[in-house]
Amino acid sequence: MKFGGTSVGSVAALRQVIGIAQKARSRNDEIVIVVSAMNGVTDLLLSSARRAEAGDADAAPRAHQEMLSRHTAVIEALVEGSGRREQVLAEINGLLNEFDTLCHSIRVLGELTPRALDVIAGMGERMSARQVAAVLDHHGMPSQSMDATQLVVTDNCYGSASPLMHLTAERCRSLISPLLAKGLIPVVTGFIGATEAGIPTTLGRGASDYSAAILAQALNAGEVWIWTDVNGVMTADPRLVPDAHTIPCLSYSEVGEMAYFGAKVLHPQAMRPARQIDIPIRILNTFEPDHSGTLISRNSELSDAAVKAITAIKDLSLITVEGAGMIGVPGVAARTFGAVAHTGANVLMISQSSSEQSICFVVPMRESAQVLAALEKEMIRELERRNIERIWSQNDIVIVAVVGAGMKGIPGISARIFGALGRRHINVIAIAQGSSEYNISLVIARSDADDAVRSIHDEFGLSNKSS
Ligand code: ADP
Ligand code: ASP
Ligand code: MG
């Protein structure tokens, strides 16, 4: 079971967590709990480190106070008995002192390395795991917190490390299985890992879901339950489309597409470890624990609806390389994407017109200037000879993705999407469809995005169904 930031973010939320764990214990389930930092804490840690790098001496002490008071409020409300309470407060104070020292060093040096940033970023999970273990312990469920730096072995790609599954599985079996055998609940930090040499890493923002799936694969778990603050995966982000409803069943591929294209409810990598050994994932609501939520499994692909969900991913740029001289010249695409790859930018979508007069692709907006510079350098001769006429970017665009495995082979879906957008006078800048036909993605202007999501949601009747 993984509990996200809101699910461990307040006294009220943690009371729900206690109830959920008690219910699992009463069914004699063997559970491993994975926790996120209290909501907002990771952002606070990252911004404090960046402020320290910029020479600000006040940000870290302010953040220290805020984190201390949030954790103290929970511990005072939910961990009684002076011994246990003092022990967990001492552990949290120890971590906060480490945070002070790190921020001080960063400020003195004026340098923040990706490696140091990962150490700081992961402190929220380390405080949270200790706190949740103490809370469960105090409520009759003997628990032990564990830092995933001991369990999840990763490469050294700081900020978005990948697990080395063999080593991770060995560690999990030797360190977690004995705790389960003793009847303890292991409470493991999400989000973090460490290299083989023991240097802390993080798996990427929002990656506690991924951590849960990694542990599940390593331990050959029966199921993964992701406890969050909504009733499962919905037909669209409920903050954007208030009448979105829960999708009861989804396939790994469908959720993969949705997560990739902006549905924040599940980390895009979380499906992979689960899918490899067919572990079902349930998305459940901590604040409405009896709601059945969403079941993600292999067989869910067989469900009927063609279009299941609409997602949007924002803050993107569309880069276009165009020129009549590109026609039929081999290697232009390879050189284009080679140059982009050197910048480290992530390409989210690619589209090329069949006349080959242009290639366009989407990257995060914060990387667009760097990508343009790299392309201009790579194509300098073609630009001089005017084989390539222009390399340009259109900023502040959004990809809207229409997802559903049942779209495969059904004609007319695109026509309905374009019809719905046309009636609202929304201009589509570019489109792409994967050959898997699980999704159709459209590039549109930021100002049209919310309206586009709502109108496609309506067009496919997703608003009126009951869950
Ligand atoms: P947690 O902290 O539990 O990991 P997140 O904030 O990462 O929670 O993810 C849950 C949020 O994802 C929801 O509050 C919701 O606003 C957002 N979200 C975006 N798209 C969807 C969707 N299609 N279905 C459900 N939630 C979505
Ligand atoms: N706390 C981390 C983040 O905010 C990981 C997570 O919550 O999944 O990105
Ligand atoms: Mg999340």
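How many residues does helix α12 have, and how far does the helix reach from its first C-alpha to its last?

**Entry 1: ground rules**

I am working with a predicted model, where local features need pLDDT of at least 70, side-chain atom pairs count only at pLDDT 80 or more, and totals for chains, interfaces and linings use all residues. Residues are numbered from 1 along each chain as its sequence is written, chains are lettered from A and ligands numbered from 1 in the order in which they are written, and side-chain values use heavy atoms, with hydrogens and water left out.

**Entry 2: helix α12**

I looked up α12 and found 12 residues, 332-343, with a reach of 17 Å from the first C-alpha to the last. That is close to the expected 16 Å, a span taken as 1.5 Å times one less than the number of residues. I note that helices (H or I, at least four residues) and strands (E, at least two) are DSSP runs, numbered from the N terminus.

Next I asked which residues of α12 are buried. I found Val-332, Thr-336, Ala-339, Val-340 and Thr-343. Buried means under 20% relative accessible area, exposed over 50%, and partly exposed in between, with a 1.4 Å probe and protein chains only. Seen down the axis, these buried residues fall within an arc of 100°, so they line one face of α12; the arc is that of the directions from the helix axis to the C-beta atoms. A reminder to myself: an α-helix has 3.6 residues a turn, so residues three or four places apart point the same way. On the other side of α12, I see Ala-334, Ala-341 and His-342 exposed.

I stopped at Thr-343, which has a relative accessible area of 17%. Its side chain reaches the backbone nitrogen of Ala-345 at 3.1 Å. This is a polar contact (a pair of N or O atoms within 3.5 Å; within protein, one must be able to donate a hydrogen and the other to accept it, and residues adjacent in sequence count only if both atoms are side-chain atoms).

**Entry 3: ligand 1**

I counted as surrounding a ligand any residue with a heavy atom within 4 Å of it. Ligand 1 has 17 such residues, and the closest are Thr-228, Asp-229, Met-234, Arg-239 and Lys-264. Oxygen atoms of ligand 1 lie 2.8 Å from a polar side-chain atom of Arg-239 and 2.9 Å from one of Lys-264. The protein buries 91% of the 570 Å² that ligand 1 exposes when taken alone; such areas come from the Shrake-Rupley method with a 1.4 Å probe, and for residues only the protein chains shown count as cover.

**Entry 4: ligand 2**

Which residues surround ligand 2? My list reads Ser-36, Thr-42, Glu-125, Phe-191, Arg-205, Gly-206, Ala-207 and Ser-208. A polar side-chain atom of Thr-42 lies 2.7 Å from a nitrogen atom of ligand 2, and one of Arg-205 lies 2.7 Å from an oxygen atom of the ligand. On its own ligand 2 has 270 Å² of accessible area, and the protein covers 86% of that.

**Entry 5: two phi angles**

Most residues other than glycine have a negative phi. I found that Asp-315 has a positive phi of about 60°; this residue lies in strand β12 (residues 309-322) and is partly exposed at 48%. Arg-386 also has a positive phi, about 65°. I traced Arg-386 to the loop between α14 (380-385) and β15 (390-403), where it counts as exposed at 52% relative accessibility.
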